[in-house]
Amino acid sequence: MFLFITMIFLLVAIFFSLARMVIGPSIWERLLALNLISAKTILLLAVYGVYKGNIFMLDIAFSYGVIGFLALILISRLVLRGGRQK
């Protein structure tokens, strides 16, 4: 029951981070919200894997974390260099 409540709270937190990403005034606040969504999704996948007793969900969470980190680094570099305006 505790893990189910934790998953519900994580989904609510993801929703609030998504709302912050939509209304964020600057690109950096939107990237920060994207990073928060990625981290909370990793937590959600890990908690769900423990809840269902599926060890492979932890592997998926780890892979998603690595891919999310690399994507955030690439998007940040793109924004710093001016994006498509060059």
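This is a predicted model: local features need pLDDT of at least 70, side-chain atom pairs count only at pLDDT 80 or more; totals for chains, interfaces and linings use all residues.
Q: How is a helix defined, and what span does H2 reach?
A: Helices are DSSP runs of H or I with at least four residues, and strands are runs of E with at least two, both numbered from the N terminus. The expected span of a helix is 1.5 Å times one less than its number of residues. Helix H2 covers residues 27-52. With 26 residues, H2 reaches 37 Å from its first C-alpha to its last, close to the 38 Å expected.

Q: What does the span check give for H3?
A: Helix H3 (residues 56-80) has 25 residues, so it should span 36 Å at 1.5 Å a residue; its end C-alpha atoms are 36 Å apart, which agrees.

Q: Which residues follow H2 and H3 with a positive phi?
A: Just after H2, Gly53 has a positive phi of about 75°. Gly82 follows H3, and its phi is positive, near 105°.

Q: How is burial read, and which residues of H2 are buried?
A: Buried means under 20% relative accessible area, exposed over 50%, and partly exposed in between (1.4 Å probe, protein chains only). The buried residues of H2 are Leu31, Ala33, Ile37, Ser38, Lys40, Thr41, Leu44, Leu45, Val47 and Gly49. These residues pack against H1 and H3.

Q: Which residues of H3 are buried, and what covers them?
A: In H3, Met57, Ala61, Gly65, Leu72 and Ser76 are buried. Their cover includes H2.

Q: How is a contact defined, and which residues does Met21 touch?
A: Contact means heavy atoms within 4.5 Å. Met21 lies in helix H1 and is partly exposed, at a relative accessible area of 23%. Leaving aside its neighbours within four places in sequence, Met21 is in contact with Arg30, Ala33, Leu34 and Ile37.

Q: What counts as a salt bridge, and how many does the whole structure have?
A: A salt bridge is a side-chain nitrogen of Lys or Arg within 4 Å of a carboxyl oxygen of Asp or Glu. A search of the whole structure finds one. Arg20 forms a salt bridge with Glu29, and the closest N and O atoms are 2.9 Å apart. Arg20 is partly exposed, at 40% relative accessibility, and Glu29 is partly exposed, at 30%.

Q: What is the nearest side chain of opposite charge to Lys40, and how far away is it?
A: For charge, Lys and Arg count as positive and Asp and Glu as negative; His and the chain ends are not counted. Lys40 is buried yet has no salt bridge, and the nearest side chain of opposite charge, Glu29, is 14 Å away. Leaving aside neighbours within four places in sequence, Lys40 is in contact with Leu10, Ala13, Ile14 and Ser17.

Q: How is a surface patch built, and which residues make the nonpolar one?
A: Patches are made of residues with over 30% relative accessible area and no salt bridge; like charges are joined within 9 Å, and nonpolar side chains (Val, Leu, Ile, Met, Phe, Trp, Tyr) within 5 Å. Accessible areas come from the Shrake-Rupley method with a 1.4 Å probe, and for residues only the protein chains shown count as cover. Phe4, Ile8, Val12, Phe15, Phe16, Tyr48 and Tyr51 make a nonpolar surface patch of about 690 Å². Helix H1 (2-23) and H2 are the elements that give two or more residues to this patch. H1 gives the most, with five residues. Tyr51 is found in H2 and is partly exposed, with a relative accessible area of 37%.

How values were computed:
Residues are numbered from 1 along each chain as its sequence is written. Side-chain values use heavy atoms; hydrogens and water are left out.
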